[in-house]
Amino acid sequence: MASTTATAAEGRPREEAPRAKGTLYRGDLGMWSWVAHRITGVLTFFFLFVHVLDTALVRVSPNAYDTVINTYKHPLMIVFELGLLAAVLFHAFNGIRVMLVDFWSRGPRLQRPMLWTVLVLWLVLIIPAAISMIARAATELFGG
């Protein structure tokens with residue numbers, strides 16, 4: 001039986017997208033956004049889990065609770081607070097983008113510009129926060 005379409009052997013070979021060195025993934029920024037969304041979600045979950053545990057310490061042993069809270073007052077913890085802020089901000093903005101892509105009729109077509117908007121908003125908010133928080137940590141560590 002004759003076919004009007006070319007077989008795979010007769011057709012020209014499919015061109016593969018160039019792969020970034022050091023990665024197995026062949027995609028683009030959207031995939032890294034997906035990965036970052038999952039990672040920031042897990043990090044935020046673990047923060048909330050630890051927060052519930054350390055808050056529960058106040059009922060078990062107020063002295064242990066005070067010790068944990070004093071640990072959190074160390075200037076090095078400001079770096080972790082900055083990481084938490086960065087994770088929560090990205091996760092929130094990217095979550096709004098994901099909802100728009102899923103539920104807005106123009107979302108799939110505009111997902112790339114929305115991703116760039118998320119990244120720009122995240123940078124606009126995280127850079128001043130980072131400067132402020134790191135300056136506070138440096139002041140507490142080295143005096144000022």
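## Helix packing in close-up

**Figure 1. Helix 1 and helix 2 make a left-handed crossing.** Left-handed means that the near helix is turned anticlockwise from the far one by less than a right angle, right-handed that it is turned clockwise. This is a predicted model, where local features need pLDDT of at least 70, side-chain atom pairs count only at pLDDT 80 or more, and totals for chains, interfaces and linings use all residues. Residues are numbered from 1 along each chain as its sequence is written, and side-chain values use heavy atoms, with hydrogens and water left out. Helix 2 spans residues 62–72. Its axis lies 6 Å from that of helix 1, at an angle of about 140 degrees (axes are lines fitted to C-alpha atoms, for helices over the stretch in contact; angles run from 0 to 180 degrees between N-to-C directions). Helix 1 is therefore oblique to helix 2 (under 35 degrees is roughly parallel, over 145 roughly antiparallel, 65 to 115 roughly perpendicular, the rest oblique). From helix 1, Val-50, Asp-54, Thr-55, Leu-57, Val-58 and Val-60 take part in the contact (heavy atoms within 4.5 Å). Helix 2 contributes Pro-62, Ala-64, Tyr-65, Val-68 and Tyr-72. By class, the residues of this contact are 9 nonpolar, 1 polar and 1 charged (nonpolar: Ala, Val, Leu, Ile, Met, Phe, Trp, Tyr, Cys and Pro; charged: Asp, Glu, Lys and Arg; polar: the others, Gly among them).

**Figure 2. The chain holds 4 helices and 0 strands.** Helices (H or I, at least four residues) and strands (E, at least two) are DSSP runs, numbered from the N terminus. Along the sequence the pattern reads α-α-α-α. The chain has 144 residues, and 18% of them are buried (under 20% relative accessible area; exposed is over 50%, partly exposed in between; 1.4 Å probe, protein chains only). Take the contacts between residues at least 6 apart in sequence: 64% join residues at least 24 apart.

**Figure 3. Helix 1 meets helix 4 at an angle of about 50 degrees.** Helix 1 covers residues 29–60, and its axis is 11 Å from that of helix 4. That angle makes helix 1 oblique to helix 4. The crossing is left-handed. Leu-29, Gly-30 and Ser-33 of helix 1 touch Arg-112, Leu-115, Trp-116 and Leu-119 of helix 4. This contact has 4 nonpolar, 2 polar and 1 charged residues. Gly-30 is partly exposed, at 33% relative accessibility. Gly-30 and Gln-111 are 81 residues apart in sequence, yet 8.5 Å apart in space, C-alpha to C-alpha.

**Figure 4. Helix 3 and helix 4 run roughly antiparallel.** Their axes come within 9 Å and cross at roughly 165 degrees. The crossing is right-handed. The contact of helix 3 with helix 4 counts 22 nonpolar, 2 polar and 4 charged residues.

**Figure 5. The largest nonpolar core has 11 residues.** Such a core is a set of buried Ala, Val, Leu, Ile, Met, Phe, Trp, Tyr and Cys residues joined through side-chain atoms within 4.5 Å. Its members are Ile-78, Leu-82, Ala-86, Leu-89, Phe-90, Phe-93, Val-118, Ile-126, Ala-130, Met-133 and Ala-137. Helix 3 (77–103) and helix 4 (111–142) each supply at least two. Helix 3 gives the most, with 6 residues. Beyond four places in sequence, Leu-82 touches Ile-126, Ala-129, Ala-130, Met-133 and Ile-134.

**Figure 6. His-37 sits in helix 1.** His-37 is buried, at 11% relative accessible area. Setting aside neighbours within four places in sequence, His-37 contacts Phe-90, His-91, Asn-94 and Gly-95.
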